[in-house]
Amino acid sequence: MNFKRFFLLFVHLHLIGINHAITSKLRSHQYSKGNQISQSFASKSVCPDFMSFPAGSRIVPALPDENARYDSITLVKNSGNWDAIKVVGEFPHSRYYSFNVYDSLGTKILADLPDFKIDPLPGHTNPFLPGADRSALNRSFELYLVDSKSDFVIPDDAPYMIIPEDVGEFKVMIRCYRADEGLDDWGGVDKVKLVPLSNEGVAICPDEYPTKNTIEDGLSLISFNEVAIQNYQNAKKIQGDEVIFVRFPESAYFPCAHNSYLTGVIRGYGVSIIRFKVPEYEDTFSGSSVFNGTTETRYWSICVYGFAMATNIDCIEDDTTPVDKNGFATIVIAPMSLKNATESAGLGWVRSGHGYDPMIFYRQIMQREDFDSGINSVIYHPQEVSTNETKETFFEYDARNNIGDYAPYGRHMSDKAYTYWLDAGDYVSIFGSFESSIKPETLLKLN
């Protein structure tokens with residue numbers, strides 16, 4: 001690993017505040033659900049506010065989507081005086097909403113709740129349920145984070161997440177995707193509040209874990225990313241001018257339990273063009289009154305990032321992507337100077353930037369279980385590191401092998417070649433056939 005990569009990664013670690021892993025042996029535990037015992041809850045105060053990363057933030061402790069807001073907090077489990085933490089909030093006016101609880105490094109999901117599994121308070125509406133009124137005024141909920149070693153009694157039918165006993169710190173992250181048109185990025189509702197609850201005495205919220213960066217944390221993440229680094233280098237070396245999308249294990253940078261990803265490696269210069277058949281999605285941005293509940297996905301997007309840094313360069317989302325009469329999208333990752341020409345041709349445009357080793361992420365949220373052409377149907381590339389991967393073995397994991405036209409596939413070319421291709425107006429031949437993937441002879445010469 002060269003100094004430049006190490007320096008960029010070190011800056012990244014500082015920004016997202018990767019924390020120490022605290023190891024502690026906790027007592028044996030049990031928890032129950034129902035009204036078996038009577039409890040009196042005393043609360044000293046609400047917990048600290050979440051740290052907010054608004055939509056469009058370039059630096060987020062995850063691989064961010066430009067159309068999503070991320071709120072997070074890290075708490076020290078074995079501190080304060082609490083048996084549960086009540087989360088009080090309102091359902092946003094948005095496409096998707098969820099809670100994920102992580103371990104101290106944010107690489108393992110401990111618990112999760114997607115929007116449709118969060119029960120509303122009596123007399124209130126969960127607008128994410130199929131057929132429910134998305135404009136309902138009464139849209140409040142309460143859910144519980146429960147210490148697994150306590151005997152806290154969860155109120156009947158209340159949604160909850162259990163915090164395991166073998167964690168030191170735990171991170172809670174809230175995601176809100178694609179707020180409705182005209183609303184703020186939190187979907188027109190206030191931030192949630194965390195209220196500590198205790199079976200005995202005055203409830204005190206667990207300590208908020210401070211943002212830290214140490215040599216141990218840096219070395220830990222670098223070691224963890226060894227597989228990702230090698231896979232990236234393999235793809236860059238093997239695919240040439242093609243952009244092949246592969247499903248790598250979602251094991252780093254705060255994975256979301258309800259998201260699936262395909263990754264394509266591109267160059268930091270020139271133009272990359274990708275094409276694929278788009279899945280159905282819930283079209284809520286302009287104020288659809290209800291969720292359909294039967295679309296192939298809830299949401300999809302294409303985003304460009306700098307490798308080894310959770311920095312977003314640009315994204316394009318489902319409801320702003322031009323789609324041709326055959327249901328295909330052609331998306332161009334190009335400099336700002338080519339934006340107008342690209343969009344005038346009816347193609348999607350994503351800004352290329354100066355990200356270090358850029359890559360494309362194709363994200364799908366909540367693929368319908370019987371939709372066989374979604375990302376969940378793509379087999380994973382092996383996790384183990386291989387410095388000797390060949391073109392034949394790499395292409396075995398090309399997503400097109402599993403989902404055909406629904407998998408993005410692309411080409412990289414110079415600005416000059418792209419301009420020639422754009423003027424010619426032949427927006428399909430560049431991709432060739434599935435079997436050959438041969439570029440037109442003219443473009444070979446221009447490159």
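## Basis

Two strands pair if DSSP finds at least two bridges between them. Helices (H or I, at least four residues) and strands (E, at least two) are DSSP runs, numbered from the N terminus. This is a predicted model, in which local features need pLDDT of at least 70 and side-chain atom pairs count only at pLDDT 80 or more, while totals for chains, interfaces and linings use all residues. Residues are numbered from 1 along each chain as its sequence is written, and side-chain values use heavy atoms, with hydrogens and water left out.

## Five-stranded sheet

An open sheet is formed by five strands in the order β2-β3-β10-β5-β6, with antiparallel pairing. At its edges stand β2 (51–53) and β6 (109–114); each has a single partner strand, so one side of each is left without a neighbour in the sheet. Neighbouring strands are turned against each other by 15 degrees on average, direction ignored. The axes behind such angles are lines fitted to C-alpha atoms, for helices over the stretch in contact, and angles run from 0 to 180 degrees between N-to-C directions.

Within this order, β5 (residues 94–102) and β10 (residues 169–179) pair in the antiparallel sense over eight bridges. Tyrosine 102 has lysine 171 in β10 as its bridge partner.

## Four-stranded sheet

Four strands make up an open sheet with mixed pairing, in the order β9-β7-β4-β11. The edge strands are β9 (160–163) and β11 (193–197); each has a single partner strand, so one side of each lacks a neighbour in the sheet. From one strand to the next, the twist averages 20 degrees.

Strand β7 (residues 140–147) and β9 run parallel and are joined by four bridges. The bridge partner of valine 146 in β9 is isoleucine 162.

## Threonine 295

Threonine 295 lies in the loop between β14 (271–277) and β15 (299–306). Its relative accessible area is 13%, so threonine 295 is buried (buried means under 20%, exposed over 50%, partly exposed in between; 1.4 Å probe, protein chains only).

The side chain of threonine 295 reaches the backbone oxygen of threonine 297 at 2.8 Å. Leaving aside neighbours within four places in sequence, threonine 295 is in contact (heavy atoms within 4.5 Å) with Glu280, Tyr281, Glu282 and Arg368.

## Proline 382

Proline 382 is found in the loop between β19 (358–365) and α5 (391–395). With a relative accessible area of 22%, proline 382 is partly exposed.

The C-alpha atoms of proline 382 and proline 249 are separated by 8.0 Å, and the two residues are 133 residues apart along the chain. Beyond its neighbours within four places in sequence, proline 382 is in contact with Asn231 and Tyr397.

Conventions: Polar contact = N/O pair within 3.5 Å; in protein donor to acceptor, adjacent residues only side chain to side chain.
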